[in-house]
Structure formats: structure tokens, C-alpha cells
Amino acid sequence: MSERTLPPEALDAWAAALRTRFELAEDDLPIALVLDLARDVANGVARPAAPFSAFAAGLVAGRAGGTPDDVRAAVAAIVELAEAWPRRES
């Protein structure tokens, strides 16, 4: 494991620190949902699109009200778009 790869417990600790710092509930930071979004966008569009898409999902969800359901809906819409994205031929 490289220095840049976090073991799962380090990601959990980071999420806990974010929840504490910003007074967020556990449902406010759906780790698996965001990681799946990043994977789907990276594989369907391009790797650099993954973090940008995660940011977009947060922005869209926040504008819709910011509930966990809003987050899931924004992620689902972005994943749907990524799955339909035209594949580049190598």
C-alpha cells in the first residue's frame, strides 16, 4: 500500500473528523455511495472526471435541499449520465 492509499480504517477516521468538524450526521457522508460514484465516472468517462463529479453531486444535492435522499438522487443522475457516456476507442 502506498503512502497515498488509505486503508479503510483511515478513511473512516477521516470521515469521522469531517463529521465532527462540520457537525454532520453519519448519513450526511455516504462513503460507499461516493466511492461508487467515483468508480463509475472514472470507468465510464475519465479518471479526472471522478472528483469533479463528486463535487457536482454535492452541489446539486445541496441546491435540492441537501438531504441524504437528495444526495442519492444526484449521485444516481450522475451515474446514469456516466453509464450513457460515449466510449472512446483506444
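Modeller: A residue is called buried at under 20% relative accessible area, exposed at over 50% and partly exposed in between, with a 1.4 Å probe and protein chains only. This is a predicted model, in which local features need pLDDT of at least 70, side-chain atom pairs count only at pLDDT 80 or more, and totals for chains, interfaces and linings use all residues. Residues are numbered from 1 along each chain as its sequence is written, and side-chain values use heavy atoms, with hydrogens and water left out.

Colleague: What percentage of the residues of the protein count as buried?

Modeller: The protein has 90 residues. Under the cut-off of under 20% relative accessible area, the buried share is 18%.

Colleague: Which pattern does the protein follow along the sequence?

Modeller: Helices (H or I, at least four residues) and strands (E, at least two) are DSSP runs, numbered from the N terminus. The protein has four helices and zero strands. Read in order, the pattern is α-α-α-α.

Colleague: How far does helix H1 reach from its first C-alpha to its last?

Modeller: H1 covers residues 8-22, which is 15 residues. The expected span is 1.5 Å times one less than the number of residues, giving 21 Å for H1. The reach in the model is close to that expectation, at 21 Å.

Colleague: Which element gives the most to the lining of the largest pocket?

Modeller: A pocket is an open set of points on a 1 Å grid over the protein atoms alone, where a 1.4 Å probe fits, with protein on both sides within 12 Å along at least five of seven lines; lining residues have an atom within 4 Å of a point. The largest pocket has 15 lining residues, with Leu11, Val34, Leu35, Ala38 and Ala54 nearest its centre. Two or more lining residues come from each of H1, helix H2 (31-44) and helix H3 (49-64). With five residues, the greatest contributor is H2.

Colleague: How many residues of that lining are charged?

Modeller: Asp, Glu, Lys and Arg count as charged, Ala, Val, Leu, Ile, Met, Phe, Trp, Tyr, Cys and Pro as nonpolar, and the others, Gly among them, as polar. The lining holds 14 nonpolar residues and no polar ones. The number of charged residues is one.

Colleague: Is Pro68 buried, partly exposed or exposed, and why?

Modeller: Pro68 is found in helix H4 (residues 68-84). Setting aside residues up to four places away in sequence, Pro68 touches Asp27 and Asp28, where contact means heavy atoms within 4.5 Å. Because its relative accessibility is 25%, Pro68 counts as partly exposed.
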